[in-house]
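Welcome! Here is a short tour of a structure, written for someone meeting it for the first time. Please take a look, and then read on.

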Amino acid sequence: MKRKLLFTVTAIILAFLLNSCTSSKTLPVVSDNEVVQSGAILAESKDMGDDYIDSFLFFGESTTYHMKNRGVLSGGKDTKQILANRSGTAILDSSTYNMTVISPITGKEVLLKDAVAAVRPKYMLLTFGLNGAVGNIKKGEEYFRSCYIKLIDTIKSASPDTRIILGSCFPVASNMNMSSYTVTVKELNSYIEITNQWTLDLADDEGLRYLNVNEVLIDSNGYLKFEYQVGDGHHLTRDAYLKILEYIRTHGYK
Amino acid sequence: MKRLLILSITLFATASLLACSNKKEYLDSIPCADILNEVEKQLPIELGYESYDTDHVKYNFERYDLDDDHALRYSVRSDNIDEFGIFHAPDEKAKAELLAVTESYIEEMKKSKRTFIESYAPNETPKLDSAEVRDYGNYVAYAVLSEDNCELFFETVERLLEK
């Protein structure tokens, strides 16, 4: 009787452990011929090519805008694939969904929803989390989600067929100037990690996709690889952007 | 000595009466949105203003249950940090707390947004420094505007609310 009970309990524990392991949001690497659709995280796929990248509209902080400066997209420094205002950056807050941007079509300042409606991109990659990182942690996940959801809903209304991908916010390097922050570099990277988890959870809940670009940017200590930053600890080199674009192509969303 | 004492008391009483009669009184039932609609006419800007929704108050103000009416507006231009708002409190006690909460909102904005604004719109930074909160009766108003526009904002609000 005792042996039967011990066996049953052991079997239940093993079953529970096995179930926990397989229900993780992290997906395994798949074959070159397959694009995995399940879950939020975009897993490794065949290289989708430059046409795939050309079908994207990118919107985010200055680290997104600098793809324009580095000339890594079609059109080089005159690319029409970056959505931004005149200053080239944005912060995710309760007014972001209604901000003005420079229309890639007309070059005039218009509301974000009007710019998206004019372009109607096949894919849109949103990347937020560094600007206002400390404030986001202070205000909490519910606030972060509410700001992102307003933005996502605005884009969906403007261009219902656009496939929205939420990207991981890039980490910062050890030489980041922290004089204007009230936290250390390590703490800032941990905050970015937290908001990235919130972003992944949001993508999962909203039926969107998540691109974990940080896989190719992060060093063993959780910092941005030193050789990928231009000297200020957070803006990226051309090589870093080429790595990011390669990652996007090889983690395709079909 | 007696005469000096009587004179002192008379002067003191006169001064007190003058102080009481100079205390301004304010209206208490003008909708906050109406006040800001008038403000917008005085402070027109390119592309106009948009209203912050209730989420903004909920997540950015330490207390969001103190007022019975509010209106908050911000410049739609993303390189312009103009914003202003007005709350109405149901009573003096709530007004006092609201005043503290709104001052805290401005202080937090000055600390947390300064770096970002300095990097992307440095010309706007002086507006953080001139940001101010004032109260008029049971109304608490704040403005994040240039110094001149701040004065115009508060003049407009006071003119609308003064009895």
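## The strands of chain B

In this predicted model, B:Tyr49 has B:Ser75 in strand 2 of chain B as its bridge partner. Strand 1 (residues 49-51) and strand 2 of chain B run antiparallel and are joined by three bridges. Two strands count as paired if DSSP finds at least two bridges between them. Strands (E, at least two residues) and helices (H or I, at least four) are DSSP runs, numbered from the N terminus.

On to the next neighbour: six bridges join strand 2 to strand 3 (residues 83-88) of chain B, and these also run antiparallel. Here B:Ala71 stands opposite B:Ile86 of strand 3. Strand 2 (residues 69-75) of chain B is largely enclosed by the rest of the structure, because five of its seven residues are buried. Buried means under 20% relative accessible area, exposed over 50%, and partly exposed in between (1.4 Å probe, protein chains only).

## Where the two chains meet

Now for the interface. Chain B brings 19 residues into contact with 22 residues of chain A, where contact means heavy atoms within 4.5 Å. About 1,800 Å² is buried between the chains, and carbon and sulfur atoms give 49% of this area. Such buried area is the accessible area (1.4 Å probe) that two parts lose on being put together, summed over both. B:Tyr59, B:Ser78 and B:Phe116 supply 32% of the area that chain B buries against chain A, more than any other three residues.

The count of salt bridges between chain B and chain A is seven; each is a side-chain nitrogen of Lys or Arg within 4 Å of a carboxyl oxygen of Asp or Glu. One of the salt bridges links the side chains of A:Lys150 and B:Asp53 (2.8 Å, N to O). Helix 3 (54-60) and helix 5 (114-120) of chain B each supply at least two residues of the side that touches chain A. The largest share, five residues, comes from helix 3 of chain B.

## A serine at the interface

Is A:Ser146 buried or exposed? With 12% relative accessibility, A:Ser146 counts as buried. This serine lies in helix 6 (residues 141-158) of chain A. Leaving out residues up to four places away in sequence, A:Ser146 touches B:Asp55 and B:Tyr59.

## Reading the numbers

Residues are numbered from 1 along each chain as its sequence is written, and chains are lettered from A in the order in which they are written. Local features need pLDDT of at least 70, side-chain atom pairs count only at pLDDT 80 or more, and totals for chains, interfaces and linings use all residues, while side-chain values use heavy atoms, without hydrogens and water.
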